[in-house]
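Dear colleague,

Please find below the sequence and structure that I am handing over to you. My findings follow directly after them.

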There are 2 protein chains.
Amino acid sequence: MTFERTIKEYQEKIDRDIAALTQEISSRSLRNPISHIVRAGGKRIRPLITMLACEAAGGKARDAIHAAVAVELLHTFTLVHDDIMDNAALRRGLQTVHTKWDANVAILAGDTIAALALESLARTRSPRSRQIEEYFAEAFVEVCDGQAMDKDLEAGTTADRKKYFTMIEKKTAAMISTSAAIGGAIGSTDIRCVNALSRFGKLLGIAFQIRDDALDIVADKKKFGKEMGSDIREGKKTYLLVTAAAAARKPEHKALIKKYLFQKGLQGADIKKMAALYIHTGTTAHAEQEIHELTAKALEELDILPKSDAQKHLRFIAAMLTERTF
Amino acid sequence: MTFERTIKEYQEKIDRDIAALTQEISSRSLRNPISHIVRAGGKRIRPLITMLACEAAGGKARDAIHAAVAVELLHTFTLVHDDIMDNAALRRGLQTVHTKWDANVAILAGDTIAALALESLARTRSPRSRQIEEYFAEAFVEVCDGQAMDKDLEAGTTADRKKYFTMIEKKTAAMISTSAAIGGAIGSTDIRCVNALSRFGKLLGIAFQIRDDALDIVADKKKFGKEMGSDIREGKKTYLLVTAAAAARKPEHKALIKKYLFQKGLQGADIKKMAALYIHTGTTAHAEQEIHELTAKALEELDILPKSDAQKHLRFIAAMLTERTF
């Protein structure tokens, strides 16, 4: 089957399963906000990776559906809670749960989504269910730890490349790595396959986050859903910032970065100056190079798998995530 | 071994394991609040039930340690988040996490404790690990659903006995039932044992919650950690309220209950009047009767298990929880 048809079929299956799961919640005050966020959609990248990884490892994609739903819901849970912490008003083009309802509803809705994730995971029939549970639990811990690091970095006044990479490995890459590893473990008994898929997911996750950071100064608001330079305005410790901080030599560049760090972000004309700094210090070019190398390494990991449509589809997903312009 | 020595030994093992787990969190900003709440202690009732249930079912208590830690941490996670939603200032005699730090820290600390719970659960070596995961996931969903029902009931103006029982089954009894069932599933392959332990936990959990509600009008602040009549002040839909509402016949009683419901709680002299109403309508005696019957039924469930010290210890725990005066 073509990439588009396969993806559409899997996405629909994932959506149906998620909708059915949310019906298990008996209190309406909880079911409404949960439906609101889980139906808001998103690209379902993580569960697609789980299903395709299972297939690419030699299994049947449908055997990974419950685990796929589990990783998507775990991701959704983190979004609901992160949006409270980040004071975010919009998510996937819709009002965030804590904005449409309130913070208490969003806390409990998030918790329940995590619980449903676990319920779905427990439905996976696999001789390696304990290993799968371990991968899942580890990603759960990592994503929380990563969010804490992100908040700590945001509050701090340093731009540390090493800490940045540790943070995104935990906050972004661990979940994508786990999505692939769990699919692999359902589809194959060969631990080398599972580990290769895990590394594929991790490298892809890092590349994906750098792409996300790089898009801040080029993205089209309509497509990307946020203003150009909003990371700069909010003083986020992005790939661009930590890389520019390490490379900056000119006094005016150093001064601007210092201002960014100590004021926790820039305003007005300084935003454009910072974007220009990223370009002139070669930071944006460096990001492209790094994304390219990470993606290439990620794809190499797939070479251990037998040639298949699913393997090809995973390559498409990798390209989609790392080459996207919005 | 005597009850006291066994309990002390198991509690120490649980505390050590929990302390070790929290060290796995790398961000200090998260480790401190987590240590604060997990070290605050509590009686560790749920994990003790898990270990004793495992032993009573024929297994070794130490085989249930990871699962025991998991149920305790799942319980702790709900406390941290419930305290945010309930605006509670104190927990286990210490400042709540959102009071000592802030709500964002408490959200993330709670999430991480849930993640650590799952990590601990995944360490359980058992041929029935998938079943154990299912029990755990179900309790996780139930406890969230129960908290939502509790909040809905709090916001409403009716006193519905049926809804009250559904709510406490989800919010309190499901976790205790699961604690016992998981221990049983680790210790025995006999599903009848596991189901009996599950019912034991459920009945015990309901009795425990009714005891907790009944103590509101007799409890000593120093021992119980909260003011006499604080449920009345906060307008909680307790066992006493829903039972009195169903039994009240005198106009002045009906009027007071209506006031309680529509004002969401009572103030000043009305608090003592309400406590008197509970006594005069026979509500408190009814609570004693119901606790007694539920506990007896819970204990009957243990008869299917072979006679053992662990079985005896479970009976002690049941007595402790339902006969306590603080």
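In this predicted model, helix 9 of chain B passes helix 15 of chain B in a left-handed crossing. Helix 9 covers residues 191-214 and helix 15 covers residues 283-301; their axes lie 8 Å apart and form an angle of about 160°. Because an angle over 145 degrees counts as roughly antiparallel, helix 9 of chain B is roughly antiparallel to helix 15 of chain B.

Which residues of the two helices meet? On the side of helix 9 of chain B they include B:A196, B:F200, B:L203, B:A207 and B:I210, and on the side of helix 15 of chain B they include B:A287, B:I291, B:L294 and B:A298. Such spacing may be read with one rule in mind: an α-helix has 3.6 residues a turn, so residues three or four places apart point the same way. By class, this contact of helix 9 with helix 15 in chain B has 12 nonpolar, 2 polar and 5 charged residues.

I turn next to the two chains. In chain B, 34 residues are in contact with 34 residues of chain A. Helix 2, helix 4, helix 6 and helix 7 of chain B each give two or more residues to the side that touches chain A, and helix 7 of chain B gives the most, with 14 residues. That side of chain B has 18 nonpolar, 8 polar and 8 charged residues.

Helix 7 of chain B comprises residues 129-155. Of its 27 residues, 21 are buried, so helix 7 of chain B is largely enclosed by the rest of the structure.

Yours sincerely

How values were computed
Residues are numbered from 1 along each chain as its sequence is written. Chains are lettered from A and ligands numbered from 1 in the order in which they are written. This is a predicted model: local features need pLDDT of at least 70, side-chain atom pairs count only at pLDDT 80 or more; totals for chains, interfaces and linings use all residues. Axes are lines fitted to C-alpha atoms, for helices over the stretch in contact, and angles run from 0 to 180 degrees between N-to-C directions. Helices (H or I, at least four residues) and strands (E, at least two) are DSSP runs, numbered from the N terminus. Angles under 35 degrees count as roughly parallel, over 145 as roughly antiparallel, 65 to 115 as roughly perpendicular and the rest as oblique. A crossing is left-handed if the near helix is turned anticlockwise from the far one by less than a right angle, and right-handed if clockwise. Two residues are in contact if their C-beta atoms, placed from the backbone, lie within 7 Å. Ala, Val, Leu, Ile, Met, Phe, Trp, Tyr, Cys and Pro count as nonpolar, Asp, Glu, Lys and Arg as charged, and the others, Gly among them, as polar. The expected span of a helix is 1.5 Å times one less than its number of residues. A residue is buried if 20 or more other C-beta atoms lie within 10 Å of its own, exposed if 12 or fewer, and partly exposed in between; C-beta atoms are placed from the backbone.
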